[in-house]
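Let me put the structure up, and then I'll walk you through the parts I looked at.

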Amino acid sequence: QNNDYFFGNFVDGQAEGGGKYFHNDGTVYEGEWKNGLKEGQGKYKYHNGDKYIGQWKSDFKEGLVLISE
């Protein structure tokens with residue numbers, strides 16, 4: 001069973017605008033969404049504490065990034 005959950009706005013059943021998504025494995029994405037995909041500025045924190053801060057395009061990391069461990 002998937003215990004992921006999302007706090008944010010939905011438009012036509014898709015995440016849109018700012019929001020925070022909690023994965024059941026402990027990873028968290030906080031940032032911008034468009035049509036249900038990560039799009040724009042966002043932060044992704046992995047369950048081991050590593051972080052990715054940067055741009056997203058169609059759910060993929062893009063451009064300059066900051067990765068910290």
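So, which residues make up the largest nonpolar core? In this predicted model, they are Phe6, Ala15, Tyr29, Trp33, Tyr44, Tyr52 and Trp56, 7 residues in all. If you ask which elements give two or more residues to that core, they are β3 and β5. As background, nonpolar side chains in soluble globular proteins tend to be buried together.

Setting aside residues up to four places away in sequence, Tyr44 touches His23, Thr27, Val28, Tyr29, Lys38, Asp50, Lys51, Tyr52 and Trp56. Among those, Tyr29, Tyr52 and Trp56 also belong to the core. And there's a lysine in the contact list, Lys38, which I'll come back to.

Next, the strands. β3 covers residues 28-34, and β4 covers residues 37-45. These two run antiparallel, with 6 bridges joining them. Together β3 and β4 form a hairpin with 2 residues between them, and Asn35 in that turn has a positive phi of about 55 degrees.

On to the next hairpin: β4 and β5 have 5 residues between them, and in this turn Gly49 has a positive phi, about 100 degrees.

Now for the charged pairs. How many salt bridges does the count come to? The count is 3.

Take Glu30 and Lys20 to begin with, where the side chains meet at 3.8 Å, N to O. Glu30 sits in β3 and Lys20 in β2, residues 14-22, so this pair ties together parts that are 10 residues apart in sequence. Glu30 is partly exposed, with a relative accessible area of 36%, and Lys20 is partly exposed too, at 29%.

Then there's Lys57 with Glu39, where the closest N and O atoms are 3.5 Å apart. That one links Lys57 in β5 to Glu39 in β4, 18 residues apart. Lys57 counts as partly exposed because its relative accessibility is 41%.

Back to Lys38, as promised. Is this lysine, Lys38, buried or exposed? It counts as buried, because its relative accessibility is 11% and the cut-off for buried is under 20%. Its side chain meets that of Asp59 in a salt bridge at 3.2 Å, N to O. Lys38 is in β4 and Asp59 is in the loop between β5 and β6, so the pair ties together parts that are 21 residues apart in sequence. Asp59 itself is partly exposed at 29%. Beyond neighbours within four places in sequence, Lys38 is in contact with Tyr29, Glu32, Trp33, Tyr44, Trp56, Lys57, Ser58 and Asp59. Of these, Tyr29, Trp33, Tyr44 and Trp56 are core residues.

Last one, Lys34, in β3. At 45% relative accessibility, Lys34 counts as partly exposed. Leaving out neighbours within four places in sequence, Lys34 is in contact with Ala15, Glu16 and Glu39. Ala15 is one of the core residues, and Glu39 is the salt-bridge partner of Lys57. Lys34 and Lys57 are 23 residues apart in sequence, with their C-alpha atoms 9.3 Å apart.

Notes. Residues numbered from 1 in each chain as written. Predicted model: local features only at pLDDT ≥ 70, side-chain atom pairs only at ≥ 80, totals over all residues. Heavy atoms only, no water. Helix = DSSP H or I, 4+ residues; strand = E, 2+ residues; numbered from the N terminus. Buried < 20%, exposed > 50% of the residue type's maximum accessible area, 1.4 Å probe, protein only. Contact = heavy atoms within 4.5 Å. Pairing = 2+ DSSP bridges. Core = buried A, V, L, I, M, F, W, Y, C linked by side-chain atoms within 4.5 Å. Salt bridge = Lys/Arg side-chain N within 4 Å of Asp/Glu carboxyl O.
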